[in-house]
Amino acid sequence: MAMQEGSPFFTPSTQVIGNAFVEQYYHILHQSPNLVHRFYQDSSHLSRPDMHGNMTTVTTLQAINEKVLSLNYEDYTAEIKTADAEDSFEKGIILLVTGSLTGKDNVKRKFAQTFFLAPQDKGYFVLNDVFRYVEEKDLQNSVPANGISEQASISALTPEPELTDDQLAKEPLTYSEEEDINNGAEVCDPLDKEEGSVVEEEVVEPQNIAGQNERIVTVDSAPMVPDDAPKQSYASIVSQL
């Protein structure tokens, strides 16, 4: 991965860097998995689900290399659907990738993967890497939000039958002594909470993100960069920073 000299006036955008990284990372992951550990450092963390779906995390270059090699990525073909990047803490880049992996049995499995690219002297390295398959059955067995089940939500939305005039005459409205009709649920006011730390950020102009429109790109296709931008490798781009 030789560095190429670029124009000193060209400053690649966050999305361009993210696209270039995705193109090179997945190509090496499936063609030369024994070299993937070079994207990381000893301080990096890599997380992958085990056979039961429980997430396991490893660190150090040796452990990351062993984990990657044990997953046999060379037996799969990656299809990248989206790659969305944005600026993050301390000039880092957060990158969300979605796509699918197809094995030799032609079974396609959707996945989502998140990277945190931390800056270094020349370019970036992967500080955090979290990968998980997205299965349809996982969505069916998902935990209800706020502890409210789907059935309870349906019941809450089902209107009660209205009382007729005859029923109102026979069943006058009564209230127990302990019932307070004005005592509703307490509303949490964010202003009542103690003030926490606030991080002030400089407002930047929004960028055109290629990942907003769904695009299917295989690992051996051209990088996902705008047509009017110079096509460069991830290594050549980060060498200019």
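Is lysine 91 buried or exposed, and what is its relative accessibility? Lysine 91 counts as exposed, because its relative accessibility is 72% (exposed means over 50% relative accessible area, buried under 20%, partly exposed in between, with a 1.4 Å probe and protein chains only).

This is a predicted model, in which local features need pLDDT of at least 70, side-chain atom pairs count only at pLDDT 80 or more, and totals for chains, interfaces and linings use all residues. Residues are numbered from 1 along each chain as its sequence is written, and side-chain values use heavy atoms, leaving out hydrogens and water.

Select residues 40-49, strand E1, then residues 55-59, strand E2. Strands here are DSSP runs of E, at least two residues; helices are runs of H or I, at least four; both are numbered from the N terminus. The two strands run antiparallel, joined by five bridges (pairing takes at least two DSSP bridges). Click arginine 48: threonine 56 in E2 stands opposite. Five residues lie between the strands of this hairpin. In the turn, glycine 53 has a positive phi of about 90 degrees.

**Stop two: asparagine 72.** Go to the loop between helix H2 (61-70) and strand E3 (77-87). Most residues other than glycine have a negative phi. Asparagine 72 has a positive phi, near 55 degrees. Its relative accessibility is 34%, so asparagine 72 counts as partly exposed.

**Stop three: back to lysine 91.** Find the loop between E3 and strand E4 (93-102). Lysine 91 also has a positive phi, near 65 degrees. Now show its contacts (heavy atoms within 4.5 Å). Leaving aside residues up to four places away in sequence, lysine 91 touches Pro119 and Tyr124. Proline 119 is 28 residues away in sequence, yet the C-alpha atoms of lysine 91 and proline 119 are 6.7 Å apart.
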